[in-house]
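Subject: Handover of a structure

Dear colleague,

Please find below the sequence and the structure that I am handing over to you. The findings follow directly after it.

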Amino acid sequence: MLTLSSALIKIGQAQQRLGAAEREFVRSAMTTYVTPLKRFLEGDMKTIMKERKILENKRLDLDACKSRLRKARSMESQANLKPDMIQREIQQAETELRISQAEFDRQAEITRLLLEGISSAHANHLRCLSDFVEAQATFYNQCQQFMVDLQKELSSSTNLARGKGAYQGLYPTSPSPSDMPLNSLPDDKKRARVLYNYEAYDSSELSLTADEVIVVSPLPVPDADWMMGERGGQKGKVPMAYLEILN
């Protein structure tokens, strides 16, 4: 028979199982998803962003060299400048442009290779994300199962306690009408034996346990399928199909 102390112990044990499942989920999530993603962001991704920044600077340098070459060539139309000086300016600008173009092309290739590597990294992240979702689903299923098992255990024990008066010693109540002598019941009330377990749908109904004896009376508005049931200080509608009238 379930007592308050044993119920508290069972609830505590269920909470321990929930805590253990949560710790396992956090450990799994860190291993399968968080750590790989953090490693990628702090390693490969930082390298890629750094190389892309260098590429952007190389592009700006290349644009500057192209502008300088265009400016040098535009000087050829100016008659007041010496041709040899203009030619040297053009040659120098062309040399700088070739160097800048080579550096840009080299940096563009480095960046391209790094970006291509992201495709395989993305595939790995997708697998890690799938593992994370699976671990999360497992954790939620475990938690639900723990609570369902606890709920069933407490519910069955509570129903048994109600039927057998398990708490009468701990919580004294007024005598139940079902325990009164037959001739002490009012004329409109009768004893009835419960044939099957019944779970109340809402607060207007009374849950029943098979083989217990309750007191029943007609509803204020008569109903062929329902009666008013009483057990101790509890009252509620009960289905006639679950009862055997004793008197």
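I begin with a hairpin: E3 and E4 form it with 2 residues between them, and Gly232 in the turn has a positive phi of about 60 degrees. Strands, like helices, are DSSP runs numbered from the N terminus, with at least two residues (E) for a strand and at least four (H or I) for a helix.

Before going further, please note the basis of what follows. This is a predicted model, in which local features need pLDDT of at least 70 and side-chain atom pairs count only at pLDDT 80 or more, while totals for chains, interfaces and linings use all residues. Residues are numbered from 1 along each chain as its sequence is written, and side-chain values use heavy atoms, with hydrogens and water left out.

Overall architecture

The protein chain has 3 helices and 5 strands. Along the sequence they follow the pattern α-α-α-β-β-β-β-β. Of the 247 residues of the chain, 28% count as buried; buried means under 20% relative accessible area, exposed means over 50%, and partly exposed lies in between (1.4 Å probe, protein chains only).

The sheet

The 5 strands form an open sheet in the order E4-E3-E2-E1-E5, with antiparallel pairing. Strand E4 (234-239) and strand E5 (243-245) stand at the edges, each with a single partner strand, so one side of each has no neighbour in the sheet. On average, neighbouring strands of this sheet are turned by 40 degrees against each other, direction ignored; axes here are lines fitted to C-alpha atoms, for helices over the stretch in contact, and angles run from 0 to 180 degrees between N-to-C directions. Two strands are taken to pair if DSSP finds at least two bridges between them.

The individual pairings can be followed across the sheet. E3 and E4 are joined by 6 bridges, and in E4 the bridge partner of Met227 is Val238. E2 is joined to E3 by 3 bridges, with Met228 in E3 as the bridge partner of Ser217. Strand E3 (residues 226-231) is mostly covered, as 5 of its 6 residues are buried.

Strand E1 (residues 190-194) and strand E2 (residues 213-217) are joined by 4 bridges. Lys190 has Val216 in E2 as its bridge partner, and Arg193 stands opposite Val213 in E2. E1 also pairs with E5, over 3 bridges, where the bridge partner of Val194 is Leu243.

Loops beside the sheet

Asp211 is found in the loop between E1 and E2. Its phi is near 80 degrees, a positive value in a residue other than glycine, and at 58% relative accessibility Asp211 counts as exposed. Leu185, in the loop between helix H3 (83-164) and E1, is by contrast buried, with a relative accessible area of 10%. The C-alpha atoms of Leu185 and Val215 are separated by 8.8 Å, although the two are 30 residues apart along the chain.

Salt bridges in the helices

A salt bridge is counted when a side-chain nitrogen of Lys or Arg lies within 4 Å of a carboxyl oxygen of Asp or Glu. The count comes to 13 salt bridges.

One of them joins Glu56 and Arg59, with the closest N and O atoms 2.7 Å apart. Both residues lie in helix H2 (residues 44-74), 3 residues apart, about one turn of the helix. Glu56 is partly exposed at 35% relative accessibility, and Arg59 is partly exposed at 33%.

Another salt bridge is formed by Arg68 and Glu89, whose closest N and O atoms are 3.6 Å apart. This pair links distant parts of the chain, with Arg68 in helix H2 and Glu89 in helix H3, 21 residues apart.

Within helix H3, Arg88 and Asp84 are 4 residues apart, about one helical turn. They form a salt bridge with the closest N and O atoms 3.7 Å apart.

Cysteines

The structure holds 0 disulfides, a disulfide being a pair of cysteine sulfur atoms within 2.5 Å. Cys128 is buried, with a relative accessible area of 9%, and Cys143 is buried at 17%.

With kind regards
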